[in-house]
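Subject: Structure for you to look at

Hello,

Here is the structure I said I would pass on. Please open it first, then read the notes below it.

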Amino acid sequence: MAFILELVLVLASLLGWWFVQDKKNHKKYPPGPLRLPILGNILQIAAQSPFPSTAFLNLSKKYGEVMYLKMGMVSAVTFNSPQSVHEILNHDKAVERTRTMLPMIEARMYAQNLGIIFSSSEPWQKMRRFTIRTLRDFGFGKAASMDVVIGEELDKFTDHLKNLMKKDGVVEVHGLFDLTLVNVLWRLVTGVNYAMDDERILELLKLSNEMIQNTKFSFDSSATFPFLWHLFPSWSGKNLQMKIIKALHKYCRDTAEYNRKHCDYKNNPQCYVDVFLQKIDETANDPETEYTDDQLVLCLLDLFQAGAETSSKTMSFAMLYMLTHQDIQQKVQKELDEVVGKGKEVTMEEKGRLPYTQAAVLECLRYSVVLPFPPARQASDDFYFHDYFIKKGTVIMPNLEAVHFDEALWGDPRNFRPERFLKKDMTIDSKLASNLVQFGGGKRVCLGQNLAESTVFLYFANILSKFQLVKVAGDPEPTTVPEQGITYSPQPFRVLFKSRA
Ligand code: HEM
């Protein structure tokens, strides 16, 4: 009995000492809930919501918009108001990414500073600049050439959709847009264009999806306690993630090898991969070169995953919202019918004359928050954010949901209401729209923003011009509560597509 009493006293003193030390160490840190030893704030976060972005938002109401959280071994500062999110996205001490937070990311990068999404400092700057410049040379982001590429892919997609509709018109939306949206990007990146039933690419897209859905930033045990990933490879998901990473690496390496062997990349480069291969050859004797085969594999993988995942999920959400808001679908179709003609093709030229359709797309982007946290950044140095001290290496997590659902900014953020983006004269309220942060911001802002905006607008407008989206009789009411992962996606649902032409 005496022993147990002594043990309890020792444990209580240790706990007391830990709390005093923790308070001393963090006296200038942003406020946050009381941290437990080892677990930190995991339990308080989990008690709020299974969605970290919502959990942070709830906690921030009590502790403040800038909040310090400890998630297992990860020290993070989260930003939970429009003003603080915009400010931190543009802060020059918060440009670097952390790649060690998730061991899966480190393995995906061959444990080197490679690619664009998760790389940092000079190699990142070089690869980002090279990628933007090279893709632009092939027409990326230029309205006229993107209109043609997207238009051709849309035709293929429409035929594919009609094929799927043949039996009874009912189509499963999950994954519906993955391949077609990869094709838009992949023409410029690799010069390749896949058939809509290409089994290998469909399998890879499925794997990529699985990898993203199985990784959850704040509650994933491999993020909070990275050593568990190595210790329990099956339970932690390591085995599955490694299998997927290997398959994706192989696909990207094979893609580069194909162009090396079969394309005249030296004299007549036709795509991003060709220009990259030229660079590899040109700098082959430079031991410091950034242009290596591994680098090319990672840049391809980044473009493949960043490009396919986010745009495809945005489109799936857009379909879901049109299904659950029939009145809004009808308003979009009325405008399209009047301006372009029922069932007719919509191009970027008409965009300016389609304010309601534009407003509906903006509302889809606001409401879906496909990527609630940009890939985590870290403090590159000690710095003060207003009065709060942020230590070098602290993970920086701007909560994009906090911006898109802020009551002061939007009034009724939980209502899906495109009209909020329209001024009295029926033009787009660009000042209000500029608050949206679905593409992040600052030096790290999404590299595919222009392409994604054009793609989502054209796919949305053309599908609604040609098809009516109806609920499937007998199916459960579709929910707008997302499935979580690094990106959020709609829970599986089906649509009855009816031809409008
Ligand atoms: C609706 C579609 C898309 C959404 C919502 C989206 C969202 C985002 C967000 C939030 C970030 C992080 C930005 C930050 O840290 O501030 C990002 C980064 C990135 N995105 Fe996108 N994205 C989309 C489409 C695309 C496409 C089509 C591409 C293909 C080129 C792409 C390529 C990238 C890359 C390479 C980065 C990393 C940039 C860097 O770290 O320097 N994204 N995206």
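With 12 C-beta neighbours inside 10 Å, A111 counts as exposed, because the cut-off for exposed is 12 or fewer. A111 sits in the loop that runs between α5 (103–108) and α6 (121–137). Its phi is positive, about 55 degrees, although A111 is not a glycine. Please keep in mind that this is a predicted model.

S121 belongs to helix α6. The phi of S121 is also positive, near 50 degrees, and S121 is not a glycine. S121 is exposed, with 12 other C-beta atoms within 10 Å.

Now the protein as a whole. It has 20 helices and 11 strands. The radius of gyration is 24 Å, close to the 23 Å that the globule rule gives for 501 residues, so the protein is as compact as a globular protein of that length. The C-alpha trace spans about 85 × 60 × 40 Å along its principal axes. Of the 501 residues, 44% are buried. Taking contacts between residues at least 6 apart in sequence, 72% join residues at least 24 apart.

Which residues have the most contacts inside the largest nonpolar core? They are V189, L300, M319 and F460, in a core of 130 residues. Helix α14 gives the most to this core, with 18 residues. Leaving aside residues up to four places away in sequence, F460 touches A318 and V361. As background, nonpolar side chains tend to be buried together in soluble globular proteins.

Next, the ligand. There are 28 residues around it, and T310, P374, G440, C446 and G448 come nearest. The elements that give two or more residues to this shell are α14 (293–324) and α20 (449–466). Helix α14 gives the most to the shell, with seven residues. By type, the shell divides into 17 nonpolar, eight polar and three charged residues.

Last, helix α16, which covers residues 355–368. Its 14 residues should span 20 Å at 1.5 Å a residue, and the end C-alpha atoms are 20 Å apart, which agrees. Is α16 largely enclosed or exposed? In α16, 13 of the 14 residues are buried, so the helix is largely enclosed by the rest of the structure. Just after α16, V369 takes a positive phi of about 35 degrees.

Regards

Definitions and conventions. Residues numbered from 1 in each chain as written. Predicted model: local features only at pLDDT ≥ 70, side-chain atom pairs only at ≥ 80, totals over all residues. Near = placed C-beta within 6 Å. Helix = DSSP H or I, 4+ residues; strand = E, 2+ residues; numbered from the N terminus. Nonpolar A, V, L, I, M, F, W, Y, C, P; charged D, E, K, R; others polar. Expected span 1.5 Å × (residues − 1). Buried ≥ 20, exposed ≤ 12 C-beta atoms within 10 Å, placed from the backbone. Rg over C-alpha atoms; globule rule 2.2 N^0.38 Å. Contact = placed C-beta atoms within 7 Å. Core = buried A, V, L, I, M, F, W, Y, C linked by C-beta atoms within 7 Å.
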